[in-house]
Amino acid sequence: MNGPIVSVKNLHKWYSGVHALRGVSVDFARNEAVGLIGDNGAGKSTLINILSGVQKQDEGRIFVEGKEATISSPRDSMRLGIETIYQYNSMVPTMSIARNLFIGREPIKYSLFGIGVLDMRKMRKESVQAIADVDLHLRSPDALVGELSGGQRQGVAIARAMHFKSKVMILDEPTNHLSVKETNKVIGFVRSLKEQNVTGIFISHNMHHVFESCDRVVAMARGQIVLDRRVSETSIDEVQSVL
Amino acid sequence: MKRMLKMYMEKPELAALLLLFLLIVLFQIRSGGVFLSLDNLRGFFGILPEMALVAIGVTVLMICGEFDLSVGAVFALMPMTMAVLMAMGIAFPLAFIAGVLVCVAIGFLNGFLTIRFAIPSFITTLGMMFVARSLTVVISGGFPPLLPADLPIWLFTSFVGPGQLLRMSFIWFVVIAVLVSLLLNRTNLGNWIRATGGFLPAADALGIPTARVKIACFILCSVLSGFAGLIQVLRLGSPLPSIGEGMELQAVAAAVIGGTALNGGVGAVLGGIIGVVLIRVIDNGLILSQVDANWFKFAIGALTIFAVVANSWLRKRAKAIKVEI
């Protein structure tokens, strides 16, 4: 079990004339926190969208735990244990915390053709537990997500990923629009992923956040990987110079 | 206490319910006690299910983030299809199935075109409204066919219950309202409908089949409208091609009055029903109070605007109540 958990080989993606990914190959090791850095349009979002099933690569292969994987929908990605938390927030603000935690993966009592009756008790109980597990203090799982602060929402999203035992957690700009205190909390989450045996892929514009919380930094520019080092072997200046 | 108050203020149907209560009291006084008399209630409950069924479908569809302006035309087309088929000698059950299939096809087309070509459902269903209305007139040949005499009217519009207060259609309406409400609140499909209308990108990213969810809501909306049209035709005893005109906007008004958000995600079946009851109460109450009936549309318009303003104000006040989450 020493091979990489996720490995991509020679990924290419075109958007009507724009060559957004130009042969990207990268491995993500188990229990590693990797910072993915790059300017706007460098291709990091494209890479993440492919791993999370929102888009499909035009060329190249993806391996999860050594086995070749076809990811053609977000569902495929989740089934493989890859959970993505987006910067625009992967929550529905008009729904309660308990409902949000289980969207698309609701516990069901009786079902017919995949449509069934929700097990509301289980949803409430497990969501209270899941939220407590990530050290978030919310009194009621029935509160609307729209009433939570940005940091609390990210916390709930992370709680969801933890609850479904994801092996890889992709965090797309999770610290955008957050206060300093909340940012520190999210960075704490990223650091603690390792203890929970989860690989974290942390996308950010902010080098300080990445250097504070990650083991390794991968920098992208113009659709290619331009730097891939342990955090201890590089510096913010070096990363900045290659971008 | 504060928490309770906040919870109730966030219930979108609350404002409408309060208003309904006030209006009933007002009309009861103004009409000299006729409003809540058995005879008037019998008439009231006899008509209510027709618009309420349409509003249930429209409410669910709006929660899912889409519109349907073709409901009024489908309301006429479904019973007309059945009447034409029955005039050709086809039995009621078969004609009924054919009518439902027409509704399913229209709902599917509405949804499919909207999603496949990424156009606003407002436009798709506006077009469908004209198409379906035209088809209704065309297949009737300008002369609505006579309905056969042996229709199962007992199943849909006969009076039942104590004092012959209700029609069968009311039972249908209650059963359907409860089922749709349970579907929306207690099933995973309901969760997906709310998520799809609440925030589409998140629903997509979580792997919900949003296109299929939306199409299912379009189909539900069409089928309920067609069924409501059938009930009206059986009550009137004749399939007129013009029934249901203007109903699409009244149904939207009902949903909005009942607290459904125009941009989706928020709303309840009960809210839509309360909206319909309010509209019917105003219609009926104005007549009983001997007010010029032409004020009806004025009242509906004013009510719609008032309800939206009141709801957004209530929600803002509720948000301002600080309770720890």
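**Exercise 1. Locate B:Arg194 in this predicted model and decide whether the residue is buried or exposed.**

Solution. 

Step 1. Find the secondary structure element. B:Arg194 belongs to helix α9 of chain B, which covers residues 188–198.

Step 2. Apply the cut-off. A residue is buried if 20 or more other C-beta atoms lie within 10 Å of its own. B:Arg194 has 27 C-beta neighbours inside 10 Å and therefore counts as buried.

Step 3. List the contacts. Leaving aside residues up to four places away in sequence, B:Arg194 touches A:Thr94 and A:Met95 of chain A, together with B:Ile63 and B:Gly265 of chain B.

Step 4. Relate sequence to space. B:Leu236 is 42 residues apart from B:Arg194 along the chain, and 37 Å separate their C-alpha atoms.

**Exercise 2. State how many residues of chain A are in contact with chain B, and describe the side of chain A that touches chain B.**

Solution. 

Step 1. Count the residues. The contact involves 30 residues of chain A and 20 residues of chain B.

Step 2. Identify the contributing elements. In chain A, α2 (74–79) and β8 (115–118) each supply at least two residues of the side that touches chain B. The largest share comes from β8(A), with 4 residues.

Step 3. Sort by class. The side of chain A that touches chain B consists of 17 nonpolar, 8 polar and 5 charged residues.

**Exercise 3. Determine the strand order of the open sheet of chain A that has 4 strands, and describe its pairing.**

Solution. 

Step 1. Write down the order. The strands follow one another as β2-β1-β4-β5, and their pairing is antiparallel.

Step 2. Find the edges. Strands β2 (18–28) and β5 (67–69) of chain A are the edge strands, since each pairs on one side only.

Step 3. Describe the twist. From one strand to the next, the twist averages 30°.

Step 4. Examine one pair. Strand β4 of chain A (residues 59–64) runs antiparallel to β5(A), and 3 bridges join the two. Within this pair, A:Ile62 has A:Ala69 in β5(A) as its bridge partner.

**Exercise 4. Determine the strand order of the open sheet of chain A that has 6 strands, and follow its pairings from β6(A).**

Solution. 

Step 1. Write down the order. The sheet runs β6-β9-β10-β3-β11-β12 in chain A, with mixed pairing. Its edge strands are β6 and β12 (224–230), each of which pairs on one side only. The twist averages 20° from one strand to the next.

Step 2. Begin at β6(A). This strand (residues 82–85) pairs in the parallel sense with β9 of chain A (residues 168–172) over 4 bridges.

Step 3. Continue to β10(A). Strands β9(A) and β10(A) are parallel and pair over 5 bridges; A:Met169 stands opposite A:Gly200 in β10(A). The chain passes from β9(A) through helix α6 of chain A (residues 180–192) to β10(A), a β-α-β crossover that is right-handed.

Step 4. Proceed to β3(A) and β11(A). Strand β3 of chain A (residues 33–38) runs parallel to β10(A), joined by 5 bridges, and A:Val34 stands opposite A:Ile201. On to β11 of chain A (residues 216–221), β3(A) again pairs in the parallel sense over 5 bridges, with A:Val217 as the bridge partner of A:Gly35.

How values were computed. Residues numbered from 1 in each chain as written. Chains lettered and ligands numbered in written order. Predicted model: local features only at pLDDT ≥ 70, side-chain atom pairs only at ≥ 80, totals over all residues. Pairing = 2+ DSSP bridges. Contact = placed C-beta atoms within 7 Å. Nonpolar A, V, L, I, M, F, W, Y, C, P; charged D, E, K, R; others polar. Axes fitted to C-alpha atoms, helices over the stretch in contact; angles between N-to-C directions. Buried ≥ 20, exposed ≤ 12 C-beta atoms within 10 Å, placed from the backbone. Right-handed = clockwise from strand over helix to strand, strands pointing away.
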